[in-house]
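Dear colleague,

I am handing over the structure below, together with notes on what was found among its side chains. Please read the notes with the coordinates open beside them.

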Amino acid sequence: MRLFRWAVLVLVILFWISGIQNVQPTNVGLLTRFGKLKPDSAQQTAIDPGLVLALPYPIDQLVQIPRNQEQRVEVTEVWAALDLPIKNNKIDPIYEGYCLTGDNNIVQTRFVVKYVVTDPVAYHFGVANPETMIQDMVLASLTETIAEWNVDEVLQLQRASREVTVAGIAQTEKLDATVARKAQERLDRVESGMRINGVEFVAMHYPRHVNKDFENVQTTLIANETNRQRAREFAGKERFQSEATRTTKIDEARAREHQLLSEATAEKENFVPLYEEYRKAPGLVWQRIYMETMEQVWKNVGRLDFVPPNSRILLTDEQEGQQP
């Protein structure tokens, strides 16, 4: 009996000291008594890392929660790998999930949510399953956002046609930032004690049932854009050559215009005095012009042969090169 009493005493001591626990350096602790947060210095607060004096379980319980440590949750509810088998060539929402875009296209994506715990009390007592809640919140925000965007914007993960203001700076609206912002608003409404640090898209594609067709469409679009770019380059090259030819022709026309104008001006300067003389003495001026013309003829011709009227002559080879 004496040995039994000592054994019982040792067990009682071990039972009471079993409540002493250690809070890890990367965590904060919440001490609960009969399931409710134990008051500490007239206020409810988290416990810093170190030893905690508490009553044994189930009276007291120490809950450890990560402090300022980023956690990651991968969401695959709207994802199906391209190598999965196809059933009846249809997308079964029970078998796999998907998102519907604003222009009635379907995409599937896999992404990772990064978050930290900002309020351990709200995190532990306000949320039954934190990971499930944050997955549901982000998934709801994702489907809502994609339903407002067209498929090209979703695949590019941004809306170039629309800007948002972040910290007073206008930026292109990004899909990951928009989803994170909407999910955080949902979490704040339920006081979850969590802050989303970011949403990272791991993969995104069309459903495997039609992925090959959409790849062909994308290939065709790329080819069309390439051809358009080549056409623009060709048009630019031809336009440059046409402009150069146009400039050359204009310069030649202006030079010809200047030459003709100079010749006409010179002829005018010679003609005006002659015309004035002709008005004063027409016969004399006509006689002089005639004589000057004949002098030029005599100077510019070679041998002269006079042919009598009503006669014909034949030129030999030696005479063909001479001017009559």
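Where do Trp-286 and Tyr-290 lie, and how many residues apart are they? Both are in helix H7 (residues 282–300), 4 residues apart, about one turn of the helix; helices here are DSSP runs of H or I with at least four residues, strands are runs of E with at least two, and both are numbered from the N terminus.

Before going further, please note that this is a predicted model, in which local features need pLDDT of at least 70 and side-chain atom pairs count only at pLDDT 80 or more, while totals for chains, interfaces and linings use all residues. Residues are numbered from 1 along each chain as its sequence is written, and side-chain values use heavy atoms, with hydrogens and water left out.

Aromatic pairs

The structure holds 3 aromatic pairs (rings of Phe, Tyr and Trp, the last by its six-membered ring, with centres within 6.5 Å; planes under 30 degrees apart count as stacked, over 60 as edge-to-face and the rest as tilted). One of them joins Phe-271 and Tyr-275, which is stacked because the ring centres are 5.8 Å apart and the planes are at 20°. These two residues are 4 apart in helix H6 (residues 211–280), and so are separated by about one helical turn. Trp-286 and Tyr-290 also form a stacked pair, with 5.6 Å from centre to centre and 5° between the planes. Trp-286 counts as exposed at 51% relative accessibility, whereas Tyr-290, at 40%, counts as partly exposed (buried means under 20% relative accessible area, exposed over 50%, and partly exposed in between, with a 1.4 Å probe and protein chains only).

The nonpolar patch

Both of these pairs contribute to a nonpolar surface patch of about 740 Å², made by Phe-271, Val-272, Tyr-275, Tyr-278, Trp-286, Tyr-290 and Met-291. Patches are made of residues with over 30% relative accessible area and no salt bridge, like charges being joined within 9 Å and nonpolar side chains (Val, Leu, Ile, Met, Phe, Trp, Tyr) within 5 Å; the areas come from the Shrake-Rupley method with a 1.4 Å probe, and for residues only the protein chains shown count as cover. H6 and H7 are the elements that give two or more residues to the patch, and H6 provides the largest share, 4 residues.

Charged side chains

The structure holds 15 salt bridges (a side-chain nitrogen of Lys or Arg within 4 Å of a carboxyl oxygen of Asp or Glu). Among them, Arg-110 meets Glu-74 at 2.8 Å, N to O; Arg-110 lies in strand S8 (residues 106–117) and Glu-74 in strand S6 (residues 71–75), so the pair ties together parts that are 36 residues apart in sequence. The charged end of Arg-110 also sits over the ring of Trp-79, 5.1 Å from its centre (CZ of Arg or NZ of Lys within 6 Å of the ring centre and within 35 degrees of the ring normal).

With kind regards
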